[in-house]
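Biologist: I would like to learn how to read the inside of a protein model, one feature at a time. Could we look at one together?

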Amino acid sequence: MPAARTLRTRTAVAAPAVAALILGTLAVATPAGAATPVNEQSAKELPGSHPAWATAQADTGAVADSVQSTARVYLAGQNQAGLAALAKAVSDVNSPDYGKFLSAEDAKAKFGATPAQVKAVTAWLTGAGLKVTDQTAHYLEVSGTTGALTKAFGAPIHTYRTADGTHRAPARDAVVPASVADAVLGVADLTDTHHKAVSQAVSVKDAEQGAQARSALASPEAARPAALPTVPTCADNGYASKMAKGAPAGYEKNEPFAPCSYTPTQLRKAYGITDAKVTGKGARIAIIDAYALGTMEQDANHFAKLHGDKPFAKGQYTEVVSKDKWNHQSDCGDWSGEEALDVEMAHGLAPDAKVTYVGADSCLDGDLNAALAKVVDGHLADIVSNSWGEIMHGKSGDLDPAVIAADNQLFELGSVEGISFTVSSGDCGDSSPGAAATGVNCEKDTNQAQADWPSASPWVTSVGGTALELADKSGKYGHEVSMGDQRSVLSADGKSWTPMPGAFYFGGGGGVSKDFQQPWYQKGVVPKSVSMTAADGTKSLTPLRATPDVAMSGDLVAATLVGYTPDKGAYSEGGYGGTSVAAPEYAAVLADTIQERGGRAVGFANPAIYDRAGTKAFHDVNNAAVHTPFGNVVDLGMVGGQLKVRLYKIGADYGLNTSKGYDTATGVGTPNGADYFASFKLAKKH
């Protein structure tokens, strides 16, 4: 599925990194020759505001002072350290303040920006000649000339040659006046480049189209199966209920057809939701994506009724959408399939929970942050599902530090209110260049193995993916292996497979982030052999944040059924895969958990999750402990008038492996039915 933050369905769209200005901790002298910020003799530097791609060699000169520009100044609010401390205290199952959440109003009063802070920041910006064009509780949007920006931030704006054209950026790190430094969290958009999130979901059809160009990456090896299917086929009576004979060397002699796309009924059964008799009643889920599908409620109701489930009751589904403010649609692409997937999974696994869809005005980081703020400021939900993401480090630069700070601030505010955040971990294994070379939902701009954003945030529940093997048609749980597929394509004459062995095609995201220290809840659960080495091989003297935290079904081979009406099209259904599936699934499980807890919010879920790691509450996904066929003969149907046959090796993620206990492919594991829900009734595992 096309998208930009990336749909997990979140995939990242490559773009030069936006300059982000995060307040430094040390006062520094204004750089020689720099303009001193208005009414100030000294200032504080904003590290990262001068992007790495803006080199002296690429500099083509200063931008004229009269050129119009914009910027976003994020507000720090009051007592940032106190906010983080309270977010931990109310979330930590071992804290006496566990579960003592604040209302949205109290959180704003205690930690939001004060009128005096806003007044001071406004005076500084307007005094430099900038105009405030938009203002929220979290930022000021300003516009004006390049000369005014230079006066405000003490850094001239130049143009630079880049791989995708000429772009503007500060010629050095910017500064802000010391008098407002404590009020400014960060500043974004001093460059004219844009970072975009991508969806973390892919439909079977889209994946097939996206992979055609990669089908000749290696020389074919002759290996014709003894019997080929003549019509599209899938196994509808459980994993390996239909078999194909014959396979290339290195694979098992007989391979199962891929299972038919799973329905919510089967998933509820597999994860014990049906037997636990929980439906999410009394809980509220918010789904955040870009834009909005005009037929979402109608499509979700139609899908539910077609598959034996209840449609939304009156008032159970709502939307928060501002269509008149949509922007960058040509850059972001169509998010309709992602929205349908997220809403139908949330409703499917928690059929009585209220669902609010919040459509961001674009897939750009700033607009997605604003959508998050709407949910947090209005406490619109108990759980927020985010099926999008992006790499933090790329050939064109690093992710804007202001975006990281602004998102984390909202996650912390949500945590003190008792809001849970589930985030897709990605669909590109370790997000390395090797994975991106052949993966269908990877950001090609990546320059290293890494954990994605916002999955890497210490304040979200990062949800990885598995390939779920059902024991029978009803949905009885069989086994799970990590979400990861190597793929070969049978030639039109049926005499060879290309490439052989298969190339990486699709896989759950994860890894150890070098950008964040290990959060308290992972201590003692994530082995130091994992946490002391970042995904890119960087060694650390202290443990680091590891992702994902949990996992659920999301593989493209063991796909999930989704139905919706595309713009100017007709309603249809198809299989989808990605951690975009897993994130709303786990959001629904948290809604079911709230019902099991008698309506008590879970809040930030990670401390409770890790408190139960290694217990019967979770399936410990360990590929080595499960006998899973090495491949699947999969018929994806007719493509270009020809029947296409695919051979997949599953449980083969790129750079990520499963093991007993915590691992970077599936975290602590997947929810284990009645044991999971019974465990979460209590504050602690005991």
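What follows is a conversation about the core and the helices of this model.

Modeller: This is a predicted model, in which local features need pLDDT of at least 70 and side-chain atom pairs count only at pLDDT 80 or more, while totals for chains, interfaces and linings use all residues. Residues are numbered from 1 along each chain as its sequence is written, and side-chain values use heavy atoms, with hydrogens and water left out.

Biologist: How many helices and strands does the protein chain have?

Modeller: Helices (H or I, at least four residues) and strands (E, at least two) are DSSP runs, numbered from the N terminus, and the protein chain has 17 helices and 39 strands.

Biologist: What percentage of the 686 residues is buried?

Modeller: Buried means under 20% relative accessible area, with a 1.4 Å probe and protein chains only; by that rule, 61% of the 686 residues are buried.

Biologist: Which residues touch the most other members of the largest nonpolar core?

Modeller: In soluble globular proteins, nonpolar side chains tend to be buried together. A nonpolar core is a set of buried Ala, Val, Leu, Ile, Met, Phe, Trp, Tyr and Cys residues joined through side-chain atoms within 4.5 Å. The largest one here has 110 residues, and Ile285, Ile288, Tyr586 and Ile609 touch the most other members. Helix α15 (residues 579-596) supplies the largest share of this core, nine residues. A second, separate core has 25 residues, among them Leu125 and Phe153.

Biologist: Which residues does Tyr586 touch?

Modeller: Contact means heavy atoms within 4.5 Å. Leaving out residues up to four places away in sequence, Tyr586 touches Thr422, Thr461, Val463, Val550, Met552, Ile609, Pro671 and Tyr676.

Biologist: At what angle do the axes of α15 and α17 cross?

Modeller: Axes are lines fitted to C-alpha atoms, for helices over the stretch in contact, and angles run from 0 to 180 degrees between N-to-C directions. The axes of α15 and helix α17 (residues 673-680) come within 9 Å and cross at roughly 55°. Angles under 35 degrees count as roughly parallel, over 145 as roughly antiparallel, 65 to 115 as roughly perpendicular and the rest as oblique, and therefore α15 is oblique to α17. Residues of α15 including Tyr586 and Leu590 meet residues of α17 including Tyr676 and Phe680.

Biologist: Why is helix α4 called largely enclosed?

Modeller: Seven of the eight residues of α4 (residues 146-153) are buried, so this helix is largely enclosed by the rest of the structure. Among the buried residues are Thr146, Leu149 and Phe153, and just after α4, Gly154 takes a positive phi of about 65°.

How values were computed:
Buried means under 20% relative accessible area, exposed over 50%, partly exposed in between (1.4 Å probe, protein chains only).
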